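Here are a few notes to read alongside the model.

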Amino acid sequence: MLHVDHVSFAYDEVPVLEDINLKVAKGEHVAIIGESGCGKSTLLKIIYGLLHIKVGEVYWDETQVLGPLYNLVPGESYMKYLSQDFDLMPYTTVSENVSQYLSVFETEEMERRTQELLEMIEMTDFADTKVKYLSGGQQQRVALARVLAQEPEILLLDEPFSHIDNFRKNSLRRNLFTYLSNKGITVLTATHDHNDMLPFADRVVVLRDQRVIAKDTPKNLFEQPKDLYIASLFGEANKIPINIVKTYADTKRRIIVYAHEFKVSEKSGLEVVVKNSYYMGGHYMIVGTYEGQNIYFNHHGPLEMGKDVFLNIAIETINQRMASI
């Protein structure tokens with residue numbers, strides 16, 4: 001397994017990570033999420049051996065991962081890291097980039113493996129195109145295939161779909177994470193996009209203020225977020241008093257409610273004043289105010305600015321959130 005043991009790290013005396021502990025089983029997919037600047041990319045670089053750590057240790061099985069002070073070429077042979085800098089060869093073709101680290105003495109295997117990876121990233125039509133002519137999203141897909149060419153034991157992905165068009169992301173996510181699961185490759189994905197991990201990750205690690213604040217399955221974190229910060233990583237969320245439901249009279253305790261969990265009522269519930277309506281395709285996202293704070297909720301159509309509306313929540317949702325308090 002991968003073991004990150006009490007790791008702390010700072011850039012020029014500015015703390016970035018504090019006392020990080022993490023164990024990842026072989027074949028497991030762990031997503032690392034958190035706001036920009038929380039240390040996601042730094043953690044991947046430490047695991048790969050690109051940064052020297054003075055506090056803590058990193059192990060893969062019984063082998064300690066050593067940083068750049070110990071390795072002339074940073075990184076370990078059994079591990080691959082896809083950074084946000086693609087590090088491709090611009091004047092060679094897509095196929096040549098993907099097959100760069102495959103043995104030229106096994107021509108048939110090299111061609112088979114290259115074709116397999118090009119199909120996975122949906123780039124077979126660009127096999128003979130020079131990389132310099134590709135878009136940023138296409139280059140990111142080539143970089144992804146390249147780090148997979150030698151089938152690493154552990155793969156570190158830093159925002160792996162950030163440059164890829166939305167219409168292509170969904171199929172690529174399915175292709176990639178199904179492929180990695182079938183191969184039994186251990187994966188750590190640093191991302192700010194919940195679509196990268198909700199359907200695919202086995203476990204999620206949440207970073208905030210240099211520390212790990214939560215570890216759980218994506219389903220548990222989504223359904224029972226312990227605070228508004230965690231919920232906001234999955235979408236628009238609110239923290240509201242529970243006395244809006246007759247079952248609960250407590251005005252001090254508050255629960256997390258996602259925008260899609262509210263239902264608009266004409267008679268009773270949380271009374272909000274509509275500020276604005278935003279068309280989101282299949283619904284409108286409405287911004288209202290309640291006791292001086294913004295409330296975000298979904299509705300099938302736009303609502304008139306300044307209108308008073310009532311919001312209700314299913315009792316099952318209330319009970320579920322109460323269990324996480």
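1. Charges first: the chain carries 33 positive and 44 negative side chains, with the centres of the two sets 6 Å apart. Lys and Arg count as positive and Asp and Glu as negative, leaving out His and the chain ends; each charge is placed at NZ of Lys, CZ of Arg, CG of Asp or CD of Glu.

2. A word on the source: this is a predicted model, in which local features need pLDDT of at least 70, side-chain atom pairs count only at pLDDT 80 or more, and totals for chains, interfaces and linings use all residues. Residues are numbered from 1 along each chain as its sequence is written, and side-chain values use heavy atoms, without hydrogens and water.

3. The chain has eight helices and 17 strands (DSSP runs numbered from the N terminus: H or I of at least four residues for helices, E of at least two for strands). Its C-alpha trace spans about 75 × 45 × 35 Å along the principal axes.

4. Of the 325 residues in the chain, 48% are buried (under 20% relative accessible area, 1.4 Å probe, protein chains only).

5. Do look at helix H1 (residues 40-48): seven of its nine residues are buried, so H1 is largely enclosed by the rest of the structure. Among them are Leu43, Leu44, Ile46, Ile47 and Tyr48. Gly49 follows H1 and has a positive phi, near 95 degrees.

6. Among contacts (heavy atoms within 4.5 Å) with a separation of 6 or more, 62% join residues 24 or more positions apart.

Note on methods. Buried means under 20% relative accessible area, exposed over 50%, partly exposed in between (1.4 Å probe, protein chains only).
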